[in-house]
Amino acid sequence: MKNLSHVLLIVFRNLTCFMKFMNLILSFAFAFVTLSAVADNRAALWRDEPSMWTTPKTYPIKEPNPEGVNSIVIEGEEYKGVRTRFFAWWALPKGASVTNRVPGIVLVHGGGGTAFSSWVKTWADRGYAAIAMDTCGGFPKAAKSLGGMLRHKYSGPPGWGEKIFSFANDPLKDQWAFHAVSTIIRSHSFLRSLPEVDKDKIGLTGISWGGYLTACTAGIDDRFAFAVPVYGSAFLRDHSVWSEQLKSLGAVGARWDELWDAKNFLPSVKMPILWVTGSNDYFFPLDSLQRGYDLMPKAPRLAVRVRMPHGHAPQGDPREITAFANHFAFGKPAFPEFSTDLKGRNLSVKWNGFGRKAVRAELVYTSSADKIWSKRKYEMVSIPFANDELSVTVPDEALLFWVNVTFDDGILSSTRHWMDVFQL
């Protein structure tokens with residue numbers, strides 16, 4: 001009887017674990033189906049605007065620029081009955097012509113920022129036609145501090161801070177998120193209209209709030225060849241630096257979450273995605289990032305650096321973005337991909353570097369459960385490897401972990417990360 005009781009106890013525990021696991025799978029499947037329907041509905045806001053997908057109307061402007069890039073004003077959406085206009089810097093690389101078409105990139109700034117001409121110049125020097133627009137109706141003379149944007153009579157709704165969320169009960173097409181994504185789509189349409197640009201090789205990348213906008217736009221504008229959100233992710237009301245602010249707004253914050261969180265768009269993403277972030281990012285924590293990328297139909301590539309600073313280039317423009325983009329633009333090696341197998345605490349990892357040679361592999365983990373994720377300390381343990389594969393035993397104290405592999409061209413590629421997998 002004693003042995004039978006022991007066996008039944010083991011069976012019960014295993015069955016309980018299995019049921020918990022199945023509940024997680026079913027919950028995820030239900031959420032994915034539900035959010036997929038929401039994504040299609042949200043995207044219709046932009047897809048039902050024919051002018052957004054054709055060559056936009058532009059206005060000449062001569063804004064002095066030390067980098068020598070071009071300035072332009074592009075017509076946007078209507079805001080409270082007035083047709084908006086937004087500013088952008090753009091440039092073609094040397095040698096671009098009708099007979100030598102070049103790839104392109106759309107660059108989306110972050111919170112408190114504006115269109116950065118130096119960012120455009122950087123990508124033009126890499127061989128790309130590039131455009132960087134202001135998403136808040138500001139001009140480049142604007143102060144870079146939060147709320148210091150130089151606005152004009154054709155500006156759309158203001159962005160940043162509480163203003164982004166508190167207008168959630170306004171008409172949908174009067175809200176900042178709609179206008180900000182629209183500036184990206186229209187900037188893309190502008191690049192596609194240039195005869196020197198290969199319209200099938202245009203990508204998208206954005207930093208911080210620009211990363212959030214990149215994630216949203218990737219689920220709407222499937223003309224992009226690739227996208228790279230940096231830092232910005234989804235589930236902002238659940239866990240981000242803005243969570244308490246969104247929750248304090250009550251029904252208004254909940255409505256913003258239902259309308260504009262990136263989770264409403266990610267299930268519709270069709271193009272390849274690379275997510276770039278840091279382990280201790282103060283604004284967009286890793287759990288929200290993972291919940292976001294798990295919504296996409298195809299697994300993304302990842303580059304998660306330990307304690308990567310938050311900011312614009314150079315911090316926000318690491319070499320992984322260029323390596324990822326160059327594959328689609330110039331046929332360079334694809335970004336490394338992984339296959340993983342976790343059994344108990346034994347993790348096996350295989351990868352394809354597409355011609356690159358791995359020079360270092362590390363298990364990255366934290367034993368901290370600090371609610372302020374940016375304060376968590378991470379350990380990096382070197383792992384021996386051979387023939388593009390490795391095996392490692394995850395320490396008992398690890399609460400969150402993943403593997404980073406660095407290659408001979410200096411790029412870092414990450415596996416997905418695991419959280420609370422031993423708590424079932």
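How many aromatic pairs does a search of the whole structure find? The count is 25. Keep in mind that this is a predicted model.

**Aromatic rings**

- Let's start with Phe165 and Trp209, an aromatic pair whose ring centres are 6.2 Å apart and whose planes sit at 50 degrees, a tilted arrangement.
- That pair links distant parts of the chain, with Phe165 in helix α3 (residues 163-166) and Trp209 in helix α5 (residues 209-218), 44 residues apart.
- Both Phe165 and Trp209 are buried.
- Trp209 also pairs with Trp242: the ring centres are 4.9 Å apart and the planes are at 50 degrees, so this pair is tilted.
- Trp242 lies in the loop between β7 (226-230) and α6 (243-248) while Trp209 lies in helix α5, so the pair ties together parts of the chain 33 residues apart in sequence.
- Why does Trp209 count as buried? Its relative accessible area is 5%, and buried means under 20%.
- Trp242 counts as buried too, because its relative accessibility is 11%.
- Zooming out, ring pairs join Phe165, Trp176, Trp209, Tyr212, Trp242, Trp256, Tyr282, Phe283 and Phe284 into a cluster.

**Charges over rings**

- Arg126 puts its charged end over the ring of Trp123, 4.5 Å from the ring centre.
- Arg376 lies over the face of Trp373, at 4.0 Å from the centre of the ring.

- β15 covers residues 400-407 and is mostly covered, with eight of its eight residues buried.
- Leu400, Trp402, Asn404 and Thr406 point one way from β15, Phe401, Val403, Val405 and Phe407 point the other way, and all are buried.
- Strand β12 (residues 358-366) runs antiparallel to β15, and eight bridges join the two. Here Ala361 stands opposite Val405 of β15.
- Strand β17 (residues 418-419) pairs with β15 in the antiparallel sense over two bridges. Phe401 has Trp418 of β17 as its bridge partner.
- Strand β16 (residues 412-414) is also antiparallel to β15, with three bridges between them. Across this pairing, Thr406 stands opposite Leu412 in β16.
- β15 and β16 form a hairpin with four residues between them, and Gly410 in the turn has a positive phi of about 90 degrees.

**Strand β6 and its partners**

- Strand β6 (residues 197-207) is largely enclosed by the rest of the structure, because eight of its 11 residues are buried.
- Strand β4 (residues 102-108) runs parallel to β6, joined by six bridges. Val102 has Val197 of β6 as its bridge partner.
- β7 runs parallel to β6 as well, over five bridges. Leu204 stands opposite Ala227 in β7.

**Second largest pocket**

- This pocket holds about 330 Å³ of space.
- It is lined by 18 residues, and the closest to its centre are Ala299, Pro300, Leu302, Phe338 and Arg416.
- The elements that give two or more residues to this lining are β9 (301-305), β10 (337-343) and β16.
- β10 gives the most, with four residues.
- By class, the lining of the second largest pocket has eight nonpolar, five polar and five charged residues.

**Cavities**

- There are two cavities of 30 Å³ or more.
- The largest cavity holds about 120 Å³ of space.
- Its lining has 13 residues, of which Thr84, Phe86, Gly156, His179 and Thr183 lie nearest the centre.
- At least two lining residues each come from β2 (70-79), β3 (82-91) and α4 (176-193).
- That lining of the largest cavity divides into three nonpolar, eight polar and two charged residues.
- The second largest cavity holds about 30 Å³ of space.
- Lining the second largest cavity are Ile164, Phe167, Gln175, Trp176, Ala177, Trp256 and Trp260.
- α4 and α7 (251-260) are the elements that give two or more residues to the lining of the second largest cavity.
- By class, the lining of the second largest cavity has six nonpolar residues, one polar and no charged ones.
- Trp176 and Trp256 turn up in this lining, and they also belong to the ring cluster above.

Conventions:
Residues are numbered from 1 along each chain as its sequence is written. This is a predicted model: local features need pLDDT of at least 70, side-chain atom pairs count only at pLDDT 80 or more; totals for chains, interfaces and linings use all residues. Side-chain values use heavy atoms; hydrogens and water are left out. Buried means under 20% relative accessible area, exposed over 50%, partly exposed in between (1.4 Å probe, protein chains only). Two strands pair if DSSP finds at least two bridges between them. On a 1 Å grid over the protein atoms alone, a cavity is a set of points where a 1.4 Å probe fits but cannot get out, and a pocket is an open set with protein on both sides within 12 Å along at least five of seven lines; lining residues have an atom within 4 Å of a point. Grid points are joined across faces, edges and corners, and a volume is the space filled by probe spheres set on the points. Ala, Val, Leu, Ile, Met, Phe, Trp, Tyr, Cys and Pro count as nonpolar, Asp, Glu, Lys and Arg as charged, and the others, Gly among them, as polar. Rings of Phe, Tyr and Trp (its six-membered ring) pair if their centres lie within 6.5 Å; planes under 30 degrees apart count as stacked, over 60 as edge-to-face and the rest as tilted. A charge sits over a ring if NZ of Lys or CZ of Arg is within 6 Å of the ring centre and within 35 degrees of the ring normal.
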